[in-house]
Amino acid sequence: MTATAMRSHRCGALRAEHVGTRVRLGGWVHRRRDLGGLIFLDLRDRDGIVQVAIGPEWTPPEVLELATNLSTESVVLVSGAVVGRPEEARNPDMATGDVEVHADRLEVIGQAELEALPIPVWRTKGEDPPAEELRLLHRHLDLRRPELQRNLALRHRLLQRTRTALTSLGFYEIETPILTKPTPEGARDYLVPSRVHRGQFYALPQSPQIYKQILMISGFDRYFQLARCFRDEDLRADRQPEFTQIDIEASFVAPDDVYSVLETLFLALWDEAGHSITAPFRRIPFHDAMEHYGTDKPDLRYEVMLTDLSDVLTGRGFRAFDEALSSGGRVRGLRVPGGAALSRRDLEALTAVAKEAGAGGLATLRRKGTNLSGPLAKLEGLSAEIAGLDDGDLLLATAGADEVTSRALDPVRRAVIARLDLPPTTAHAFAWVDEFPLFERDPETGAVMFAHHPFTAPHPADAGQLLRGERAGVRALHYDLVYNGHELGSGSIRITDAELQLRILELLGISKAEAHQRFGFLLRALRAGAPPHGGFAVGFDRVVMLLAGAESLRDVIAFPKTTAARALFEDAPTDLDPAELNELALKVDNA
């Protein structure tokens, strides 16, 4: 670090090679210990903590007196000599643990008042943190915690590594508008009233989707952006109303080309966090992911997989299974090695997980030695060999339509892995999931809707049936990247033909007139000659959270919102003065 007039070094930078050096430090008093005439300060800045010793042998009396009344979290300037600690006093848990600073000068810059410290910055090991809402309300103190400082430092490094990696691949960083036009991308827009154009509204972007496509049509070939995006979604613990994504688009590419770019990027990001991973990543069609894991974001670190048990468990006198099969459903389940060790209470908890996810129940079969137990043990002619169970194994089964059994068995699988504390086969399991359906049905209304966004190209093999108005079974050139059971991002190859784009919008119930009104600028651009192009968007906040080992997205964002989309620190959203509302031609109905 370049020296400044106030500081010569950062606190966390001092090492044994600095012994004999005179330094000037500035930071916060992390802890103070008074040993009766000898005072130790743990002085903290963003680089770490160093021990400062204040004693009568090297410190003037007025400095010693000043240190006696010093409160924690006060900001001070310290000058003194770096000395080596005695062997018995060294602290191997601190990067600066071999040295300390013998201070002969101390200046209190900002005295911390006790009533201004409602939450602690330092906690003893094992001590529970304050309630999260209290931490967010006093975020300026929460951000002083070393854990959050490390998280945000990692976030900075990952941002810079992203820029370096993508620039080396020929990408330009280009900014797109924040005030834009509402577009249908799966969530509600945040709307911004225009003062100049009274009664009209901008929208904050859910993504830069259309702009980055227009950049490709404009010939920029390779674009990226560390984009701020906004979605007015219903409350979810793992989402933020505003977030950052690594947004990418490239021309003259097929899915394999996009995969290659993203794999290069993720190798760089994981390397920045100290992990070594290899590419290419595994590829799984959407149908296979749902069949074997019950989810399109499977955790592939574990080899427990879903299996079709219809042939094994139907026709043996179990009415629920037989009825499901006759209604077009299936019997599906899990064979869990070592699962027979689970207790009855464990199995009851797993059944509750299945029911909460929509299944009618969860039938079990345990094998211990030659003994079978559980409801399925009563089935006619069912043996351990037929069920495929080795000694100590557990069989879990449920029945119904695939969407019901998948939705139930995915959380059951995750719960079984957690309860048995199964060891992962690898620490880092990446996979591309592709061949998604282009359309899906709204689970509440039953209406046909686009599975992702309406600019995704159909699979070439299915384009004919799409033009004939057939939607069932049409696949999309869409792909997701999953890691250890988390979706890291998604992307697709885009539609480049204006007529096909209009046809897709028409299938979604958007008339040509409405399509031109809402997407006219994209349609005009497509008609001017569009190269084949595609892209991807990485959920950057989630990437940082996973690499930091944090439990929440809020621990890797400087000023996050609560799950109720409130900013507690600055108290937003807030009411507006009636005069301000009038200027925007707005009235508030509080009914």
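Q: Which residue follows α16, and is its phi positive or negative?

A: The model is predicted, with local features needing pLDDT of at least 70 and side-chain atom pairs counting only at pLDDT 80 or more, while totals for chains, interfaces and linings use all residues. Residues are numbered from 1 along each chain as its sequence is written, and side-chain values use heavy atoms, with hydrogens and water left out.

The residue that follows α16 is Gly549, and its phi is positive, near 70°. Helix α16 itself covers residues 540–548; helices (H or I, at least four residues) and strands (E, at least two) are DSSP runs, numbered from the N terminus. This helix is mostly covered, with 7 of its 9 residues buried, where buried means under 20% relative accessible area, exposed over 50% and partly exposed in between (1.4 Å probe, protein chains only). The buried residues are Phe540, Asp541, Arg542, Val543, Val544, Met545 and Leu547. They pack against the helices α4 and α6 and against the strands β10 (242–251), β21 (486–493) and β22 (533–539), with contact taken as heavy atoms within 4.5 Å.

Two of these neighbours, α4 (residues 146–168) and α6 (residues 255–272), also pack against each other, at an angle of about 145° and with their axes 9 Å apart; such axes are lines fitted to C-alpha atoms, for helices over the stretch in contact, and angles run from 0 to 180 degrees between N-to-C directions. From α4 the contact draws on Arg157, Leu158, Arg161, Thr162, Ala165 and Leu166, and from α6 on Val261, Leu265, Ala268, Leu269, Asp271 and Glu272. These contact residues divide into 7 nonpolar, 1 polar and 4 charged.

Most residues other than glycine have a negative phi, and most peptide bonds are trans. Another cis bond, with omega near 5°, runs from Ala279 to Pro280, and Pro280 is found in the loop between α6 and β11 (282–285). In the segment after α17 lies Ala585, which is not a glycine and yet has a positive phi of about 60°; Ala585 is partly exposed, with a relative accessible area of 39%.

Conventions: Nonpolar A, V, L, I, M, F, W, Y, C, P; charged D, E, K, R; others polar.
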